[in-house]
Amino acid sequence: MSHQIALNFEDGVTRFVNANPGETLADAAYRQGINIPLDCRDGACGTCKCLAEAGRYELGEDYIDDALSADEAAQGFVLTCQMRALSDCVVRVPASSQVCRAGQGSFQASISAVRQLSASTIALSIKGEALNQLAFLPGQYVNLGVPGSEQTRAYSFSSLQRDGEVSFLIRNVPGGLMSSFLTGLAKAGDSLTLAGPLGSFYLREIRRPLLLLAGGTGLAPFTAMLEKIAEQGSEHPLHLIYGVTHDVDLVELERLEDFAARIPQFSFSACVANPESQYPRKGYVTQHIEPAHLNQGDVDVYLCGPPPMVEAVSQFIREQGIAPANFYYEKFAASAA
């Protein structure tokens, strides 16, 4: 049985390779045209050292301490010329995709559905035979081409890929190039191009409680993550706080309720910043982070929202005098054109 290995390059590009039983990661990558930096192939130089972020694997026995120390191995570092996967894995490669000849994948698809969830949010689904070959880590994004132009826009997947179909949550920006297309011209069957996947914001192996913080359409990567968690399960508590500016911006609450019913120990709360809101819970996300959510630092925090929100949350956590075990974030800014 082969295993799928996600290679995350330092320029944000992710490529997937399949490793056969007993095959080293370096050999699997080279067989599929990806040149991980490599010199000796004997575990002696350390040139192919990478960080395994998730999955089970064998380190191999034919390497020397100068190439990979015991401390590095304990932290998850591997030599790809020695590593053999025992499950699907995620490996961070300290080199650019261009150096490794592993550029972005490009795909053609067509619109299967466009729904206006609210005045501020559009749900887009696209489908195509080529997307059956699209692999990504939940939380990542792609660049979608805007029909009729040479421009692209970056959007996080809001779902996993199923039967060649993926979905996105898109902020409706008045006058925006993609927004104008989706609200005024788009129809089922229209062709779209996408390139990716991209991004270092993705769900890691769950080893402790998670605190998920979403601002506006920054909810998108979390619904993809929650789909994955619902599939694989988790023994740790998970809490999502979803903040928006106005009542009309609240979307996908029924979907979050469904996740709460399907995922043990998952809970969520939503809040609206506008003081004139009719929603029961008002204020900013930081006003609804409770000490229990930070678990005295034994927590992984995932945050996706506009830059002011990312900065406010970062400052809030610092002020609590608590350093999370891991703090992953994605800043986004809606394009005005």
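Q: Why is Arg-41 called partly exposed?
A: In this predicted model, the relative accessible area of Arg-41 is 41%. Buried means under 20% and exposed means over 50%, with partly exposed in between. The value of 41% falls between these cut-offs, so Arg-41 is partly exposed.

Q: Where does Arg-41 lie, and how far is Arg-41 from Cys-81 in sequence and in space?
A: Arg-41 is in the loop that runs between helix H1 (25-31) and S3. Arg-41 and Cys-81 are 40 residues apart in sequence, while their C-alpha atoms are 5.3 Å apart.

Q: What span is expected for H7, and what span does H7 reach?
A: H7 has 13 residues, and at 1.5 Å a residue the expected span is 18 Å. From its first C-alpha to its last, H7 reaches 18 Å, close to that expectation.

Q: Which residues of H7 are buried, and why are they said to line one face of the helix?
A: Met-309, Val-310, Val-313, Ser-314, Phe-316 and Ile-317 are buried in H7. Seen down the helix axis, the buried residues of H7 fall within an arc of 160 degrees, so they line one face.

Q: What makes Pro-308, Arg-318 and Glu-319 count as exposed?
A: Exposed means a relative accessible area over 50%. Pro-308, Arg-318 and Glu-319 are in that class, on the other side of H7.

Q: Which helix gives the most to the lining of the second largest pocket, and what else supplies this lining?
A: H7 gives the most, with four residues. Strand S12 (165-171) and strand S15 (238-244) each supply at least two residues as well. Domain 2 (104-198) and domain 3 (210-331) each provide at least three residues of this lining.

Q: How much space lies in the second largest pocket, and which residues are closest to its centre?
A: The space is about 580 Å³. Of the 27 lining residues, Gly-216, Gly-243, Val-244, Thr-245 and Pro-306 are the closest to the centre.

Q: How do the residues that line the second largest pocket divide?
A: The lining of the second largest pocket has 14 nonpolar, eleven polar and two charged residues.

Q: What is the volume of the largest pocket, and which residues are closest to its centre?
A: The volume is about 700 Å³. Closest to the centre, of the 27 residues in the lining, are Asp-88, Leu-137, Pro-138, Lys-228 and Gln-232.

Q: How do the residues that line the largest pocket divide?
A: The lining of the largest pocket holds 14 nonpolar, five polar and eight charged residues.

Technical notes:
Residues are numbered from 1 along each chain as its sequence is written. This is a predicted model: local features need pLDDT of at least 70, side-chain atom pairs count only at pLDDT 80 or more; totals for chains, interfaces and linings use all residues. Side-chain values use heavy atoms; hydrogens and water are left out. On a 1 Å grid over the protein atoms alone, a cavity is a set of points where a 1.4 Å probe fits but cannot get out, and a pocket is an open set with protein on both sides within 12 Å along at least five of seven lines; lining residues have an atom within 4 Å of a point. Grid points are joined across faces, edges and corners, and a volume is the space filled by probe spheres set on the points. Ala, Val, Leu, Ile, Met, Phe, Trp, Tyr, Cys and Pro count as nonpolar, Asp, Glu, Lys and Arg as charged, and the others, Gly among them, as polar. Domain bounds come from an automatic or database domain assignment. The expected span of a helix is 1.5 Å times one less than its number of residues. Buried means under 20% relative accessible area, exposed over 50%, partly exposed in between (1.4 Å probe, protein chains only). The arc is that of the directions from the helix axis to the C-beta atoms.
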